[in-house]
Amino acid sequence: DDRMRALLAPMEVNTGPAAEACDPIQVAAATSMATVLGTDPPIVVIPGARWNTKRWDIDRYIAVVRQLRHARQPVVLIGSPDEKPLCDQIVGAVPDVLNLAGQTNLAEMVAVLARAKLVLGNDSGPLHVAVALNRPIVAIYGPTDPEFVGPYGQLDHVLRHDVPCHPCRRRECDHHSCRQCVTVEMVWDKTRQVSRLR
């Protein structure tokens, strides 16, 4: 990210830490999402990712979402239409969450992320959007290297397991050990720490 920001320096472009949404489409999306989300900033969960090897197990997401709801935290799920079945599994196990997977356009997704108290998810596009919006994140990494494609300025919020084959950057894997060794307890502890839950 530093390399990309450096490209803008000769043009005297402000490369501050947070992106701002201020065009009319984004303002309209923010207004509509404020109505949907209510007043309490939610914890936004992103269980999907384009690569299967980047996806933490859905049963583990269910366990963390259940703990968030026990802690009375509002939870919103986001994802693409293809990722809606993943989010549906979470809702099936923990009904009291808002599932927006496949129901938002890009501007609305940005508006949801901008309102988040915390964003929890895999290495994915929406997670990096949350970082650009300066939202606190907890990121679960697998085959990619957070030092190279990590959440800018929040590397201490990355959870991953060091294995000899990391980073492989593969879309197929027969053991998934880099993700499998990231436990529910590790993610819950980091989530509590970053969001300051008791």
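**Salt bridges, sheet and pocket**

Let's start at Lys84, which counts as partly exposed at 31% relative accessibility. On this scale, buried means under 20% relative accessible area, exposed means over 50%, and partly exposed is anything in between (1.4 Å probe, protein chains only). Before going on, bear in mind that this is a predicted model: local features need pLDDT of at least 70, side-chain atom pairs count only at pLDDT 80 or more, and totals for chains, interfaces and linings use all residues. Residues are numbered from 1 along each chain as its sequence is written, and side-chain values use heavy atoms, with hydrogens and water left out.

What does Lys84 pair with? Its side chain meets that of Asp88 in a salt bridge, 3.0 Å from N to O. A salt bridge here is a side-chain nitrogen of Lys or Arg within 4 Å of a carboxyl oxygen of Asp or Glu. Helices (H or I, at least four residues) and strands (E, at least two) are DSSP runs, numbered from the N terminus. Asp88 is partly exposed too, with a relative accessible area of 33%.

The structure holds three salt bridges. Another one joins Asp96 and Arg69, at 2.4 Å from N to O. This pair links distant parts of the chain: Asp96 sits in the loop between α4 (84–93) and β3 (98–99), Arg69 is in helix α3 (residues 58–70), and they are 27 residues apart. Asp96 is exposed, at 53% relative accessible area, while Arg69 is partly exposed at 24%. Then there is Arg60 with Asp57, whose closest N and O atoms are 3.9 Å apart; Asp57 is partly exposed at 26%.

Now for the overall build. The chain has nine helices and six strands, and buried residues make up 43% of its 198 residues. The six strands form an open sheet with parallel pairing, in the order β3-β2-β1-β4-β5-β6. Strands count as paired if DSSP finds at least two bridges between them. At the edges are β3 and β6 (158–159), each pairing on one side only.

Look next at strand β1 (residues 43–46). Ile43 and Val45 point one way from it, Val44 and Ile46 the other way, and all are buried. Three bridges join β1 in the parallel sense to strand β2 (residues 75–77), where Val76 is the bridge partner of Val44. β1 also runs parallel to β4, over four bridges, and there Val44 stands opposite Val119. Further along, β4 (residues 118–122) and β5 (residues 137–140) pair in parallel over four bridges, with Gly121 partnered by Ala139 in β5.

Finally, the largest pocket is lined by 19 residues, of which Arg50, Gly79, Ser80, Glu83 and Pro126 lie nearest its centre. A pocket is an open set of points on a 1 Å grid over the protein atoms alone, where a 1.4 Å probe fits and there is protein on both sides within 12 Å along at least five of seven lines; lining residues have an atom within 4 Å of a point. Helices α5 (106–114) and α6 (125–132) each supply at least two residues of that lining.
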